[in-house]
Amino acid sequence: MSVIILAIESSCDDTSAAVIQDGVILSNCIANQEIHKLYGGVVPEAASRAHQINIVPVVDAAIQKAGIKKEELSAVAFTRGPGLIGSLLVGVSFAKSFAMSLDIPMIEVNHMQAHILAHYAEDPKPPLPFLCLTVSGGHTQIVKVTDHLEMELLGSTIDDAAGEAFDKTGKLLGLDYPAGPLIDKYAKLGKPVFEFTEPKVGELDFSFSGLKTAILYFLRRNIKENPNFIEENLNDICASVQARIVSILLKKFKVAAQKTGIQHLAIAGGVSANSALRSGLEEMGKEMGWETYIPRFEYCTDNAAMIAVTGYFKYLKKEFVGQDVIPVARWSI
Ligand code: KG4
Ligand code: ZN
């Protein structure tokens, strides 16, 4: 008999639902929350309210698009963490009621594991073991994946995440939240003419808070001399900041590959949508003779398809949880 799973993702500011049948994604619906643009960042209270509004229509859409009846579902998978508690609570509570009403099992999913397993949503799938650079708004990690559900953290950020570095730079430049995609867009029109120093941290760890401060002082200094400095140099500033963030990420990733001897390299998470990171990884792969894996845009930023894939692997191992499960803001992979 077919295994059909409904997956729910509500860890931050995107409400998403997906349906997977025997490991094949049938639907992946996402409702973004525009409200956070007004505040220059995610407002937790507003995010959980928006999840409340979005969750039923998004789940309905995912079930309809998949062309299945909810009575056919084998299980419900949901993001248990890490993330914003108020946001997670909506998805977890919904999953509990849904599972109870259909009398089907529940599967808890770690959002960061799921970002990595998004690579199994379609071909080409990286062979095991592989290394994954997971870069999102809240995390920056180098992970060794030995089995679908067996992962080892080799390095991570000691302060800000790569996505935060993009978003905080955007705020300094007066760009809307999330600024990552905008910086990517403007960077294409500019040149990396401004230099920002590289942070000094452990071999496989990252630090981005110093970069943010360096950008702040750089802007202050230049605006003092030319009040229109940002407007006149926006594209070059974006190209320079992006080049620095990408070079930091790829340098560490290269060291991880050399240290572990693993030659299959993947990227995941929202920042893996960045065009310079995608092309930079590809170039590094060609130069070093390594295989690289870059997810389709839809599977980079938060989505429930990745929760569905992870849920499917866990279903096969019968890793279910009970109705007493609660969300967790922090949860290591
Ligand atoms: O994985 P994600 O959707 O949510 C979290 O789990 O955090 O990642 C969101 C992050 C934001 O910081 C956003 O600015 C960044 O991913 N991002 C990008 C791009 N698209 C999204 N950063 C750089 N370039 C992009 N094209
Ligand atoms: Zn994410």
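Trainee: Is His111 buried or exposed?

Mentor: His111 is buried, with a relative accessible area of 5%. Buried means under 20% relative accessible area, exposed over 50% and partly exposed in between, with a 1.4 Å probe and protein chains only. This is a predicted model, where local features need pLDDT of at least 70 and side-chain atom pairs count only at pLDDT 80 or more, while totals for chains, interfaces and linings use all residues. Residues are numbered from 1 along each chain as its sequence is written, chains are lettered from A and ligands numbered from 1 in the order in which they are written, and side-chain values use heavy atoms, with hydrogens and water left out.

Trainee: And His115, buried or exposed?

Mentor: His115 counts as buried, at 1% relative accessibility. His111 and His115 both lie in helix H3 (residues 111-117), four residues apart, about one turn of the helix. Helices (H or I, at least four residues) and strands (E, at least two) are DSSP runs, numbered from the N terminus.

Trainee: Which protein donors does the zinc ion (ligand 2) have?

Mentor: His111 (NE2), His115 (NE2) and Asp302 (OD) are the protein donors, lying 2.0 to 2.1 Å from the zinc ion. Donors are N, O and S atoms within 2.8 Å of the metal (3.2 Å for Na, K and Ca); water is not among the atoms, so sites may look incomplete.

Trainee: How are those donor residues spaced in sequence?

Mentor: The spacing is H-x3-H-x186-D.

Trainee: Switching to the fold. How many helices and strands are there?

Mentor: The protein chain has nine helices and 10 strands. One open sheet holds five strands in the order E3-E2-E1-E4-E5, with mixed pairing. Two strands pair if DSSP finds at least two bridges between them.

Trainee: Which strands stand at the edges of that sheet?

Mentor: Strand E3 (24-32) and strand E5 (106-110) do; each has a single partner strand, so one side of each is left without a neighbour in the sheet. On average, neighbouring strands of this sheet are turned by 20° against each other, direction ignored. Axes are lines fitted to C-alpha atoms, for helices over the stretch in contact, and angles run from 0 to 180 degrees between N-to-C directions.

Trainee: What packs on it?

Mentor: Helix H2 (residues 85-102) packs on the sheet, touching E1, E4 and E5, and its direction makes about 160° with that of E4. Contact means heavy atoms within 4.5 Å. Within the sheet, E1 (residues 4-9) and E4 (residues 75-81) run parallel and are joined by four bridges; Ala7 stands opposite Ala77 in E4.

Trainee: What about the sheet with E8 in it?

Mentor: That open sheet has five strands in the order E8-E7-E6-E9-E10, and the pairing is mixed. Strand E8 (150-156) and strand E10 (291-293) are the edge strands, each pairing on one side only. Strand E7 (residues 140-147) pairs with E8 in the antiparallel sense over six bridges, and Gln141 has Ser156 in E8 as its bridge partner. Helix H7 (residues 229-260) packs on this sheet, touching strand E6 (130-135), E7, E8 and strand E9 (264-268).

Trainee: How many disulfides?

Mentor: Zero disulfides, a disulfide being a pair of cysteine sulfur atoms within 2.5 Å. For Cys12, the nearest cysteine sulfur, that of Cys300, is 16 Å away. Cys29 is in no disulfide either, and the sulfur of Cys300, the nearest for Cys29, is 18 Å away.
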